[in-house]
Every structure is written in structure tokens, then in C-alpha cells.
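Hi,

Here is the structure I promised to hand over. Please open it and follow along with the notes below.

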Amino acid sequence: QVQIVESGGGLVQPGGSLRLSCVASGFTFSSYTMSWYRQAPGKQRELVATSTRAGGSYYADSVKGRFTISRDNAKSTVYLQMNSLKPEDTAVYYCNALYNSVYGKRDYWGQGTQVTVSS
């Protein structure tokens, strides 16, 4: 059974930091592209950062230089270190696992963790 569980969200002041964790089980973690998405109230879900199975990473322009995605395949965990947080970073953050092959796609989501940046 596939499980993806995010943690680490909370309330933080502008300029502060948080580290989100996403623990996965039920699939071969190292074979999957792992991403963090976020959705603010009234807005569409957007891609924040991606860690590819080859070790590459991608960031949305809005978080470049402030957020860092990393993964520990031995622990089936992906992290999102968020520094210099801004009020516009407030959103529910979701972890996504994606596997694409010629045989089809597998796409799993966590339940999300709330991040609120406010003074």
C-alpha cells in the first residue's frame, strides 16, 4: 500500500525557516521523481521544486535561492528546506511521487502540510 506523509509545516514569521519532510512507502522510492507542490487559497496548485531520480533538481523562479530540495533514498524521504520565507509562501504544501515509463505513469500524492508565514 502506497503511503506519502508530509510533516514539518507550521506558523513562521517572515524571514524565518522551515524544513518539510515527506516519508514514502509502498513503492521503489529511488525510481521516482519526487516533487513539492503548493496551493494557496483561491489559487491553482503549483510546482515548487523537483528532485529527479538521477539526482538533478528544479526550482520555480519564485523560490530559487531560498528553497532547497533534497532526498535520502535509504530513508525513502524527500525534504524541502525553506529559508527567507515570505507571506506569499503561505500555502498547503504537497509531496508528489511520479514514475513515467513506456508502460504508463504512476502518480502519488500526500495529504499536505500547512505552511503559514505571518507576523
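Start with Asp89. In this predicted model, Asp89 sits in the loop between β8 (77-82) and β9 (91-101). Is Asp89 buried or exposed? Its relative accessibility is 1%, so Asp89 counts as buried; the cut-off for buried is under 20%. The side chain of Asp89 reaches the backbone nitrogen of Lys86 at 2.8 Å. Leave aside neighbours within four places in sequence, and Asp89 is in contact with Arg38, Arg66, Phe67, Ser84, Val115 and Val117.

Take Ser84 next. Ser84 is also in the loop between β8 and β9. Ser84 is partly exposed, with a relative accessible area of 40%. Its phi is positive, about 50 degrees, although Ser84 is not a glycine. Most residues other than glycine have a negative phi. Ser76 has a positive phi too, near 50 degrees. Look for Ser76 in the loop between β7 (67-72) and β8.

Now go to β11 (residues 113-117), the strand that holds Val115 and Val117. Which residues make up its covered face? They are Thr113, Val115 and Val117. Gln114 and Thr116 form the uncovered face. In a regular strand the side chains alternate between the two faces of the sheet.

Which strands pair with β11? Strand β2 (residues 10-12) pairs with β11 in the parallel sense, over three bridges. There, Gly10 has Val115 as its bridge partner. β9 pairs with β11 in the antiparallel sense, over three bridges. Tyr93 stands opposite Thr113 of β11.

Best wishes

Methods
Residues numbered from 1 in each chain as written. Predicted model: local features only at pLDDT ≥ 70, side-chain atom pairs only at ≥ 80, totals over all residues. Heavy atoms only, no water. Helix = DSSP H or I, 4+ residues; strand = E, 2+ residues; numbered from the N terminus. Buried < 20%, exposed > 50% of the residue type's maximum accessible area, 1.4 Å probe, protein only. Polar contact = N/O pair within 3.5 Å; in protein donor to acceptor, adjacent residues only side chain to side chain. Contact = heavy atoms within 4.5 Å. Pairing = 2+ DSSP bridges.
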